[in-house]
Number of protein chains: 2
Amino acid sequence: MPYGYNGKILRVDLTTGAMKTEEPGEIVYRTYLGGGGLASYYLLRELKPGIDPLSADNILIFASNVISGAPIAGMTRFTVAAKSPLTGAYGEAEAGGFWGPELKFAGFDAVIITGKAEKPSYLWINDGKAEIRSAEKIWGLETGPAQEMIREELREKRARVALIGPGGENLVRYACVVNELKHVNGRTGMGAVMGSKNLKAVAVRGTKKMEMHDPEKLREMSKNLTELISQHDPNKVLHKMGTSNLVVPLNNQGILPTHNFRTGFFAGAEKISGEQMVATILKGEESCYACSVRCKRAVEVSSGPYATSEKHKYGGPEYETLGSLGSLLCIDDLEAISKGNELCNRYTLDTISAGVAIGFAMECYEKGIITQADTEGIEFRFGNPEAMVKGIEWIALRRPGLGDLLADGVKIAAARIGKGSEKFSLHIKGQELPMHDPRGKVGLALSYAASPTGADHVRAPHDTAFQAPGSNMERIAPLGILEPIPARELGPRKARNFTYLQFIWSLYESLGVCNFVAGPVWALSLTRLVEVVQTITGWETSLWELMKVGERTVTMARIFNLREGFGRKDDTLPERLFEPLESGALQGVGIDHGEFEDLLTLYYEAMGWDPKDGVPTRGKLAELNLYWLDEFVKDRR
Amino acid sequence: MPYGYNGKILRVDLTTGAMKTEEPGEIVYRTYLGGGGLASYYLLRELKPGIDPLSADNILIFASNVISGAPIAGMTRFTVAAKSPLTGAYGEAEAGGFWGPELKFAGFDAVIITGKAEKPSYLWINDGKAEIRSAEKIWGLETGPAQEMIREELREKRARVALIGPGGENLVRYACVVNELKHVNGRTGMGAVMGSKNLKAVAVRGTKKMEMHDPEKLREMSKNLTELISQHDPNKVLHKMGTSNLVVPLNNQGILPTHNFRTGFFAGAEKISGEQMVATILKGEESCYACSVRCKRAVEVSSGPYATSEKHKYGGPEYETLGSLGSLLCIDDLEAISKGNELCNRYTLDTISAGVAIGFAMECYEKGIITQADTEGIEFRFGNPEAMVKGIEWIALRRPGLGDLLADGVKIAAARIGKGSEKFSLHIKGQELPMHDPRGKVGLALSYAASPTGADHVRAPHDTAFQAPGSNMERIAPLGILEPIPARELGPRKARNFTYLQFIWSLYESLGVCNFVAGPVWALSLTRLVEVVQTITGWETSLWELMKVGERTVTMARIFNLREGFGRKDDTLPERLFEPLESGALQGVGIDHGEFEDLLTLYYEAMGWDPKDGVPTRGKLAELNLYWLDEFVKDRR
């Protein structure tokens, strides 16, 4: 070993049942790290372009990384990646919880799954061994009972299970994957890919301790980080409210998505806020492996039409869900939203896409494109919680009619029903918009448009984090970003900031790092992140090397999409975001189309991509050590 | 102060005599650091394009940086920069010694000199104050007596004096600037710019201790670095032989420039080697401020035609000089070379350009283009030391005829005499080739061609440093370069390596870091360099931020040159390097023209420059925080 890390990859062919283990070698690990980086590497090498994402030809990758599993806060996330059935583009989603570290303890960094099982199956990975088992008895079950039955069958209560419910089985294009029933690989429909492969679950158990270069130093760093977390969040906002703390401030800023993005102000915001949740239905805080933040919610509604499942085992709504099943739909009933959240976790639906799909239906209903004849008599109007809860069930079960229609996502749905409904389908590249409005933070417009997975709010920190002098600026100073930029400024400075910041978040996705613990948002500074990688792997790495992994990964996803036929025309925003907000603090504010297009050009060029279609130049591929991918894009230049 | 460093710039207008001090502010320092970075920043802001470099319109900058002056080995170098009278392009040269730290002790980071003094003058900077003084009595003196007279006049024996001799006064286009009579800002004719401004010298004295963020940690790091220097050079090769250690190995590799680059093998190599120098004329080793390497030579020839000046006060020849005044001219007389070196330091001529100019004359003589009628009867043949020594004197004094002709550099000389002599003029952009042959290390072909200052061997570490697995690879691993690449491989991997490595060396030029102490060549690793900057300035910086300063600086120099009309056509090699070497280990080896051009294209693209003329894209300018320079290049796209 020239440097100091190696790990194992498990390969599973569901068609033949063949399995094998391989060691890609340290240079592959150091070049791609894990998560999104490692997954892109294998997908580009092995996935044929043009395949149907719901066919046996798709390749599904579960990937941890070189640092996850170490006992330190905020580094537990893992990636599920494949070609997305929602977008036809690169698909990827991360989740926290315990599954990622458990895979490491079981002796693997990643699992590459090809083919399709003849019958419902699940994968059981136990301390270096793997087995494909029948899932015929659990197929059709919701996630809670399915997980229970798997643990019983394996006689292993401590098995960590990443699995799908009926949403995934029914190939809802935005079905998610869930572990511990509440940690979700939410976006781009990875649950549908599992379903299409007849793969109900991947259960893992491992007892191996992770090998580290300097375990003692890591222990010290871990202790230190826990202290820093307390210091950086003295009011324990994330602990007390989780992400739900965002509802009220975003509403005050005029960018809480409401009425299907027609406005950023919701009169009922306080009723669905984190404060309200704490005062009413919150039963406790939950955590991921080794983390002291405990940002996850556990809620319980004990009675009434929206009573939740016993023992609040499906967690509680994040900010995104409070938006997508709440303000977006003008629903101010926190109990209904919590029920909707629970249903999504039981069925494995992405709450963002599900909410936006229902919002689309509600606006169509408002405009008379959909009528009570389509909704089994239910009033599908904005503000009606019953419509939302029913909608989720119909989608998950692909109930013929509206459920089946919405299960394909708003892009396909709008194309199918026509009549001007495209205008109400808020998506980019087919993926539904998250609950952050770029009209108040324009860097996000670029972030959404350029995201390889379609609309995605976790491609880079949002502009609002760095718009004023103060402590946050210090956190990104190691990137050379020394001056604050107003959240609504477009142009060269914004292009620069986004370009750099996306590398960091792309890196987080390859290292399983959580945005709430890592800088620039939180306690783990960029300098410390470099040290952590060094301490665990033994590599004398640097922020340069790690940023370049981030850049490499962004570029690989771009190439994946170029190969599938995507181009500049797809890097845009839904019409509505160019229009003015109808009310609230930013009433009248829209995004200027010309300025947006120029920002996109600057970004392409900053990335070393041509302005015409965002195709990386040969030299840029060389620079990123990606020249092997030139053959995939040379015809696009 | 949001971060922690500020410093002062002295402005001197020689035309009016006005002087003032200004503080550019911390963000300018952190963005440009010093040296080449800071100088480019000011030149681009203030120098008008198209001016005559030898007119009062040129701007001459002496720049130290944010770390120099700290008591730690290998960080003492300073930059002299201006528009080059040799190339008409960006001009810049670094020197070690004591002058740079002394400027810091005197309270300044840089001196910006504009205009032209009416009469010969020198500048005296003494503990925060500055004064323009008459140099009428010392004008015309060689550097030794001039320095002495200045120190006497100032009654300050410890004044550090950067000055010119007759070469600079006579506007030899490759006149250098010298401090302590032996530390030389050698290339691009900065001495001629001093001469053109009637500026004989800049004398500095300071007693202020440098302020540092963490002086105790710096002391510890300094001690540690000194130990590492011993460990990394257990045989003390650089201490015992200095750069002269290269003569024999390069000859063995077949790339010791000989016979005006017709071959890379010199039969007399051992006679002019470091080993020979140690065994005969070496009198001692000398050092720069705070450095334990002591790589500088002091030689003495006590008698004979080439007897050197008393007390070996002009130092001794570096490898470059052993090449340019030795093997290149087929001269195997070490005493003559030492004399030539001394003369160059007395007159302030760059030894590389002087040697190549003489080599040009010798080849013209060989071909009958120059005859004894032009050489006052001296046989100007290869191998004749008398021709070399006379040639240097004639050039420095611009003796009418051959001396005056060669004083303008080989490009202008060849254009003037014609008759096919262009083929013997070994230069790029007008600057003469250094003593490293790209035919044995092809990355250097790119390095030479792309260098903004014309042919330059210190733009990036040479390919030979990283061609085999082993310890050197570990030193550049923090850049993400993990695999060795053969020295003679062209193509994408070489483009990547050069692109990254040039950022590091560009950074060294902005931080005054010496290649012999810093990684990748020596004891100071990249990680430690980041720590040093952090310890001195208090900035939480990173290798990313510092590499980006390197990239920014390379790009600024590119823009300087584009603004002056340079383009892709100028980024090439002299014809001879495409031709095969005539003898030695690489006999028959040339550089493939097509492969070279493709490497150049890959490099441009890796830099975010268009392949047509190497013009940075708008997005790349934005990314580097250089969008303010767009106006200078937008007409070139």
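1. Tyr319(A) belongs to helix 11 (residues 319-324) of chain A; helices (H or I, at least four residues) and strands (E, at least two) are DSSP runs numbered from the N terminus. The model is predicted: local features need pLDDT of at least 70 and side-chain atom pairs count only at pLDDT 80 or more, while totals for chains, interfaces and linings use all residues. Residues are numbered from 1 along each chain as its sequence is written, chains are lettered from A and ligands numbered from 1 in the order in which they are written, and side-chain values use heavy atoms, with hydrogens and water left out.

2. Tyr319(A) has a relative accessible area of 1% and is therefore buried (buried is under 20%, exposed over 50%, partly exposed in between; 1.4 Å probe, protein chains only). Beyond its neighbours within four places in sequence, Tyr319(A) has contacts that include Thr243(A), Leu246(A), Leu256(A), Met435(A) and His436(A), a contact being heavy atoms within 4.5 Å. From Tyr319(A) to Asp592(A), 273 residues apart along the chain, the C-alpha separation is 28 Å.

3. Glu342(A) sits in helix 12 (residues 334-347) of chain A. Glu342(A) counts as buried because its relative accessibility is 4%. Not counting residues up to four places away in sequence, Glu342(A) touches Thr308(A), Ser309(A) and Tyr314(A).

4. Two backbone angles in chain A deserve a check. Most residues other than glycine have a negative phi. Glu180(A), however, has a phi near 55°; this residue is in the loop between strand 10 (177-179) and strand 11 (183-185) of chain A and is buried, at 15% relative accessible area. Ala290(A) has a positive phi of about 65° and lies in the loop between strand 13 (282-286) and strand 14 (296-299) of chain A. At 38% relative accessibility, Ala290(A) is partly exposed.

5. The largest nonpolar core holds 348 residues, and Leu479(A) and Leu479(B) have the most contacts inside it. Such a core is a set of buried Ala, Val, Leu, Ile, Met, Phe, Trp, Tyr and Cys residues joined through side-chain atoms within 4.5 Å.

6. Chain A gives 44 residues to the contact and chain B gives 43 residues. The two chains bury about 3800 Å² between them, 58% of it on carbon and sulfur atoms; buried area is the accessible area (1.4 Å probe) that two parts lose on being put together, summed over both. Leu482(A), Glu540(A) and Trp544(A) account for 20% of the area that chain A buries against chain B, more than any other three residues.

7. Eight cavities of 30 Å³ or more are found in the whole structure. A cavity is a set of points on a 1 Å grid over the protein atoms alone where a 1.4 Å probe fits but cannot get out, and lining residues have an atom within 4 Å of a point. Points are joined across faces, edges and corners, and a volume is the space filled by probe spheres set on them.

8. The largest cavity has about 220 Å³ of space. Its lining has 25 residues, with Ala450(B), Ser451(B), Pro452(B), Val554(B) and Ala557(B) closest to the centre. Helix 21 of chain B gives the largest share of that lining, six residues.

9. The second largest cavity has a volume of about 190 Å³. Of its 22 lining residues, Ser451(A), Pro452(A), Arg459(A), Gln502(A) and Val554(A) lie nearest the centre.

How values were computed:
1 Å grid on protein atoms, 1.4 Å probe; cavity = no way out; pocket = protein on both sides within 12 Å on 5 of 7 lines; lining within 4 Å.
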